[in-house]
Amino acid sequence: LILDHDGGRIAAKYYLGPENGGPAWAEQGADGAKGQLKFEKQIMKKVCKLPSISDNMDVIVVDDYHVLISGNQEIYCMILAHKTENELAIMEVANAAWECMGLICGGTARISKKTVLMELTKVMLLLDELCENGMPCEIDAASLHARIEMADHHQDEPGAAASPSPTKDSGQSSFQAAINSAKSSVLGSLLSRAR
């Protein structure tokens with residue numbers, strides 16, 4: 001879960017909906033989105049009470065979930081886990097996510113809302129590569145970054161879009177087009193506010 005300083009969602013991926021034994025608010029789709037936003041507001045109420053978040057990781061408990069938070073003055077990167085999960089293992093996942101975001105943005109000191117939005121495709125790939133169905137796949141930031149760059153490089157290859165592989169469906173290309181459109185829209189909005 002990646003939120004801006006005001007609690008606005010930048011990117012999110014919830015893994016366990018009610019069909020997999022998770023909470024109803026983690027459900028995908030319109031019904032789950034309302035519950036997810038409500039849960040995110042609960043998180044932000046507690047985050048606002050924390051002293052300044054810097055290079056240290058903070059942990060808060062919301063409902064039955066540990067929320068591990070890394071961040072700076074503009075961005076919060078949060079990993080959620082049920083309270084029965086091993087906090088040290090989840091901390092490794094959270095560290096890998098924050099370090100990999102730093103690699104994507106050109107260093108942890110350069111992580112900002114603007115750089116994350118500019119690299120939104122890679123950040124979304126990070127969320128995909130980090131966990132599969134709620135299970136951590138990789139906790140080495142450099143390995144994660146290499147996988148993301150490889151996937152991003154493959155998308156940029158000439159002929160990759162002209163001759164889609166038989167395993168790709170039009171839904172993936174539509175999704176990518178939607179992501180690019182949303183990214184352009186958000187960047188345009190932010191840039192117009194900055195003027």
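**Salt bridges, a hairpin and a charged patch**

Lys-13 is partly exposed, with a relative accessible area of 34%. In this predicted model, Lys-13 forms a salt bridge with Asp-128, and the closest N and O atoms are 2.5 Å apart. The two partners come from distant parts of the chain, 115 residues apart: Lys-13 sits in the loop between strand E2 (9–11) and H1, while Asp-128 belongs to helix H4. Asp-128 is likewise partly exposed, at a relative accessible area of 36%. The pair is one of the salt bridges of the structure, for which a search of the whole gives eight.

The protein has six helices and seven strands, arranged along the sequence as β-β-α-β-β-β-α-α-α-β-β-α-α. Of its 195 residues, 36% are buried.

Helix H4 (residues 120–130) is mostly covered, with nine of its 11 residues buried. Among them are several leucines, including Leu-120, Leu-125 and Leu-126, but also the charged residues Lys-122 and Glu-129. Lys-122 counts as buried because its relative accessible area is 14%, under the 20% cut-off. Its side chain meets that of Glu-119 in a salt bridge (3.9 Å, N to O), and a further salt bridge joins Lys-122 to Glu-149 at 3.0 Å, N to O. Since Glu-149 lies in helix H5 (residues 141–156) and Lys-122 in helix H4, this second pair ties together parts that are 27 residues apart in sequence.

Elsewhere, strands E3 (residues 58–62) and E4 (residues 65–71) pair in the antiparallel sense over five bridges. Within this pairing, Ile-60 has Val-67 in E4 as its bridge partner. The two strands form a hairpin with two residues between them. Asp-63, in the loop between E3 and E4, has a phi near 55°, a positive value in a residue other than glycine. This deserves a second look, because most residues other than glycine have a negative phi. Asp-63 is partly exposed, with a relative accessible area of 49%.

Finally, Lys-41, Lys-45, Lys-46 and Lys-49 form a positive surface patch. One of these, Lys-46, is placed in helix H1 (residues 30–47). Lys-46 is partly exposed, at a relative accessible area of 38%, and it can join a patch because residues with over 30% and no salt bridge qualify.

Key: Residues are numbered from 1 along each chain as its sequence is written. This is a predicted model: local features need pLDDT of at least 70, side-chain atom pairs count only at pLDDT 80 or more; totals for chains, interfaces and linings use all residues. Side-chain values use heavy atoms; hydrogens and water are left out. Patches are made of residues with over 30% relative accessible area and no salt bridge: like charges are joined within 9 Å, nonpolar side chains (Val, Leu, Ile, Met, Phe, Trp, Tyr) within 5 Å. Accessible areas come from the Shrake-Rupley method with a 1.4 Å probe; for residues, only the protein chains shown count as cover. A salt bridge is a side-chain nitrogen of Lys or Arg within 4 Å of a carboxyl oxygen of Asp or Glu. The place of a charge is taken as NZ of Lys, CZ of Arg, CG of Asp or CD of Glu. Helices (H or I, at least four residues) and strands (E, at least two) are DSSP runs, numbered from the N terminus. Buried means under 20% relative accessible area, exposed over 50%, partly exposed in between (1.4 Å probe, protein chains only). Two strands pair if DSSP finds at least two bridges between them.
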